[in-house]
Amino acid sequence: MSTNALSLSGANDQRILPARRYFSINNGLRLLSCALLLCTAYLQAQQISLQALVTPSTTIMKDGHPLTYALHGFIEFKSLTELFSYIDSQTHRWKGPLALDPAQQQALASELLRRGIESRVISMIDERPLETLITHTEPELRTALAHLHEPTPPGYADAFLAVQKKWKHSLNCWSAAPSIPARVLSNWYPIEEGITLYGATYDSTEHFWQAVKYHPDITLAALADLLAQFEQRDWIPWLARLDGDPKLYLPNAYSIEFLRHNLTLDRLHWFHDELQRHGLGPADRARIAQQRGTAPFRFTAFEEKVLWGDLADLFHLVYTLSPPDDPMRRALNDRHFDAIYLGDRKMPFISEEFRSLMLEIWKVKYLEMPRFGDVITSIPLEIHLSHFLNDGDSPDIPIPIYIDYLNQIRLLAISQRKSAIQNSSKAK
């Protein structure tokens, strides 16, 4: 099968802008017309056609590189054709008594197909696939799907239609969203004045969420010791146990792929080097280091997630998914990665109690800080607040729960705003 390649790069081309400097009274209109034609042709060349988007073999290019998307955050593809092969391999992955029955195979294939198409459309580095999908009508999408001449799996058209229907009425709330309200609603949004949560001040809600995963007493020396122990272990048999049982793998697919990515020696060395790079001493405590000190933004929200957050998740997940007699589990327990400790509370890492903390910290951000309350209440209720990042479904707070909390807090903020207006009117 041939590959459909779209060579599409960013639309901000500065080459045509200097033409304006050479306008004269006599030739200005002619040059302006030429410039506009060139600009229009250039921008059109950057767009992705609907037919190309739904064609499985299409590889979208940006800045000379294939635009990838993922399942479970880490399994990457360049085209939907590649996704089909992966889905087939997964449905037939387990053999003998562990093999999935036909109904289970179909359910898994349908889920992976929908998630893969959504990940293809909701790109973290290119808005054009989503732009193409939502700027066409449902009948136009149906027509494009009907004109396909490449093989597709059952449910392909329905999955594309479902993704279009969802995102025509949803706002993806994340730090690089083109919409200002969507960016503000991200946990990564920097809070200039800081936010006080559970007796300490943080630069963003992300800083709190990642910092709290570390016991108050855990030091950089203890983290370095754990990393050294992790580096000395062969993790292949440990991962094979999780891979070999669909009852273990399927409910924990993101967690296992996350661990596969982060348990490599290179990645463990990276964590160790990053901790040293920030000038922290062995006696410094991890949670305090992430709080706002004398100077704000010691760590960016990105660093909170990929350094502090991923490291804590690595330790918590290994503890959670290890057999009870695993020596590494005991080492993690000694360093308090057996749970989340907050005041006198001890919450399992994967628990409803820990996840509900997200709603509690959002009550501070959106109900007690008027400027953020203004933003979330300004978004019409017809628009569903959503969150989709490369099909990464974090175990600490799965995306469906995160989205449910996000829409809950908007309703609470609207209710609070209405009550304040009513009380103000009565006072007058």
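Modeller: A residue counts as buried under 20% relative accessible area, as exposed over 50%, and as partly exposed in between (1.4 Å probe, protein chains only). By that rule, buried residues make up 47% of the 428 residues in this chain. The structure is a predicted model, so local features need pLDDT of at least 70 and side-chain atom pairs pLDDT 80 or more, while totals for chains, interfaces and linings use all residues. Residues are numbered from 1 along each chain as its sequence is written, and side-chain values use heavy atoms, with hydrogens and water left out.

Colleague: How many helices and strands are there in the chain?

Modeller: Helices (H or I, at least four residues) and strands (E, at least two) are DSSP runs, numbered from the N terminus. Here the chain holds 20 helices and 11 strands. Contact means heavy atoms within 4.5 Å. Of the contacts between residues at least 6 apart in sequence, 73% join residues at least 24 apart.

Colleague: Let me try one residue. Which residues is Glu303 in contact with, leaving aside its neighbours within four places in sequence?

Modeller: Glu303 touches Arg277, His278, Arg298 and Trp308 once those neighbours are set aside. You will find Glu303 in helix H16, which spans residues 301-321. Its relative accessible area is 17%, so Glu303 counts as buried.

Colleague: Now the aromatics. How many aromatic pairs does the count come to?

Modeller: A pair of aromatic rings is described by the distance of the centres and the angle of the planes. Rings of Phe, Tyr and Trp (its six-membered ring) pair if their centres lie within 6.5 Å; planes under 30 degrees apart are stacked, over 60 edge-to-face, and the rest tilted. The count is 24 aromatic pairs. Take Trp94 and Tyr249: their ring centres are 6.0 Å apart and their planes stand at 50 degrees, so this pair is tilted. Trp94 belongs to the loop between helix H3 (80-91) and helix H4 (102-121), and Tyr249 to helix H12 (residues 246-249), so the pair ties together parts 155 residues apart in sequence. Both Trp94 and Tyr249 are buried.

Colleague: What kind of aromatic pair do Trp362 and Tyr402 form?

Modeller: Trp362 and Tyr402 are edge-to-face, at 5.0 Å centre to centre with 85 degrees between the planes. Trp362 sits in helix H18 (residues 352-367) and Tyr402 in helix H20 (residues 399-427), so this pair ties together parts 40 residues apart in sequence. Trp362 and Tyr402 are both buried. Ring pairs also build a cluster from Tyr214, Phe230, Trp235, Trp238, Phe299, Trp308, Phe315 and Phe337.

Colleague: On to pockets. Which residues lie nearest the centre of the largest pocket?

Modeller: On a 1 Å grid over the protein atoms alone, a pocket is an open set of points where a 1.4 Å probe fits, with protein on both sides within 12 Å along at least five of seven lines; lining residues have an atom within 4 Å of a point. Grid points are joined across faces, edges and corners, and a volume is the space filled by probe spheres set on them. The largest pocket holds about 780 Å³. Its lining has 30 residues, with Trp188, Tyr254, Lys305, Leu389 and Ser394 nearest the centre. Helix H9 (205-211), helix H13 (253-262), H16 and H20 each give two or more residues to that lining; H16 gives the most, with 5.

Colleague: Which element gives the most to the lining of the second largest pocket?

Modeller: That is H4, with 6 residues. The second largest pocket has a volume of about 640 Å³. Its lining counts 34 residues, and Glu111, Arg115, Asp391, Asp393 and Pro400 are the closest to its centre. H3, H4, helix H7 (156-167), H13 and H20 each supply at least two lining residues.

Colleague: One last feature. Where is His72 found, and what is its phi?

Modeller: His72 is in the loop between strand E4 (69-71) and strand E5 (75-77). Its phi is positive, about 55 degrees, although His72 is not a glycine. At 6% relative accessibility, His72 is buried. Asn390 also has a positive phi, near 55 degrees, and is a residue other than glycine. Asn390 lies in the loop between strand E11 (384-386) and H20, and its 18% relative accessibility makes it buried.
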